[in-house]
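Please study the sequence and the three-dimensional structure shown below. The exercises that follow are to be worked through in order.

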Amino acid sequence: MTLLASNALTQTKTMKAARFYAPGDVRYEDTPCPLAGPGELVIQINTALTCGTDLKTYRRGHPVLIKTYPSPFGHEGAGTVVSVGDNVTRFHMGDRVVAANSAPCMACFFCQKDQYNLCEHLDLLNGTYAQYLKLPARIVEHNTHLLPDTVSFDAAAFCEPLAVSVRGIEACNIQPGDRVAVIGLGAIGLMMLKLAKLKGASTVALGRSSLKRTMAQDFAQADGVIDMTEPIDLQTVLSQYTPHGYGFDVVIEAVGQTHTWEMALNLVRRGGLVNLFGGCESGSTMALDTRRLHYDEITLVSPFHHTPRHVKEALEWINSGMIDPTPLITHERSLSQVPEALNLVASGTALKVAIRP
């Protein structure tokens, strides 16, 4: 399908999209092309990426991201502007852009506290698993960026997950020479390993997938990689990778399971920091040793999502060439193969799958 020339033409065309009907039920079908209203853009998706959140949604639904059925699906992507709504002056037909999957209202209690990721009226966006995507006015205003010609659509599509990773690492306050352990080696965990390394830390990666452990070495240059498919003696890990076996300065949990949250607390040193980054299933609980938390002065942080500042910083990391996330793309699939792509990720065969609408 060629680029659409006008809003009027957009109204008369249909497009292909992978739409979410129910857990395990994603259908490739025709749907009307979107129309850009005031302040909005329509982009042609050049690259969309699979995501761990999309996999969870595919398996069990999502109470925040999926509210109506059938629903647009997918939230990581980059593309080309094909329709420009009234009052949009920063973007033009043919511009190469990337948009984050949300934008804050800038007016609620949390936005006034500069906690934009907790905005009470966060405008969330789904629909990158499609030929075309409409960007709401608020996302156009606050979280859409032009791409330089030197940045590929594949690299730009990582802007949202890298923004989340940038915010996660920022919360760790990593100093040069710190010992940092990352549990969980999905794309987010690997990008946080990379960022920690760039901040001068010595890093250790803990993961189950052989593909991801290899990525920890090749992409993130981890100083140590531990196979979690084998029983782990935590004291041996501490003795091998931390001075005097005291524990890591920073431990990042990027899985979202209570047993790995507990592992993170057992790996951190006195006075250290644990980043509970991986979100557990709603209703999950765990026991905490209050003596350890208090008398060992353990800091717990749990960063969530991103803000417009972190999206800009992520794009700067990519633009500068300091981070090239494209090696994390291990497979490519067509738009009609979104379920297959998600199943590849679930099996551990793939890390990130690029969807080519």
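Two exercises with worked solutions follow.

This is a predicted model, in which local features need pLDDT of at least 70, side-chain atom pairs count only at pLDDT 80 or more, and totals for chains, interfaces and linings use all residues. Residues are numbered from 1 along each chain as its sequence is written, and side-chain values use heavy atoms, with hydrogens and water left out.

**Exercise 1.** Determine how far helix α7 reaches and whether its residues are buried or exposed.

Solution. Step 1: helices are DSSP runs of H or I with at least four residues, numbered from the N terminus. Helix α7 covers residues 187–198, which is 12 residues.
Step 2: the expected span is 1.5 Å times one less than the number of residues. From first C-alpha to last, α7 reaches 16 Å, close to the 16 Å expected.
Step 3: buried means under 20% relative accessible area, exposed over 50%, and partly exposed in between (1.4 Å probe, protein chains only). Nine of the 12 residues of α7 are buried, so the helix is largely enclosed by the rest of the structure; among them are L190, M191 and L193.

**Exercise 2.** Classify the ring pair of F20 and F73.

Solution. Step 1: rings of Phe, Tyr and Trp (its six-membered ring) pair if their centres lie within 6.5 Å; planes under 30 degrees apart count as stacked, over 60 as edge-to-face and the rest as tilted. This rule gives four aromatic pairs.
Step 2: the centres of F20 and F73 are 5.5 Å apart, with 55° between the planes, and the pair is tilted.
Step 3: both F20 and F73 are buried.

Definitions and conventions. Helix = DSSP H or I, 4+ residues; strand = E, 2+ residues; numbered from the N terminus.
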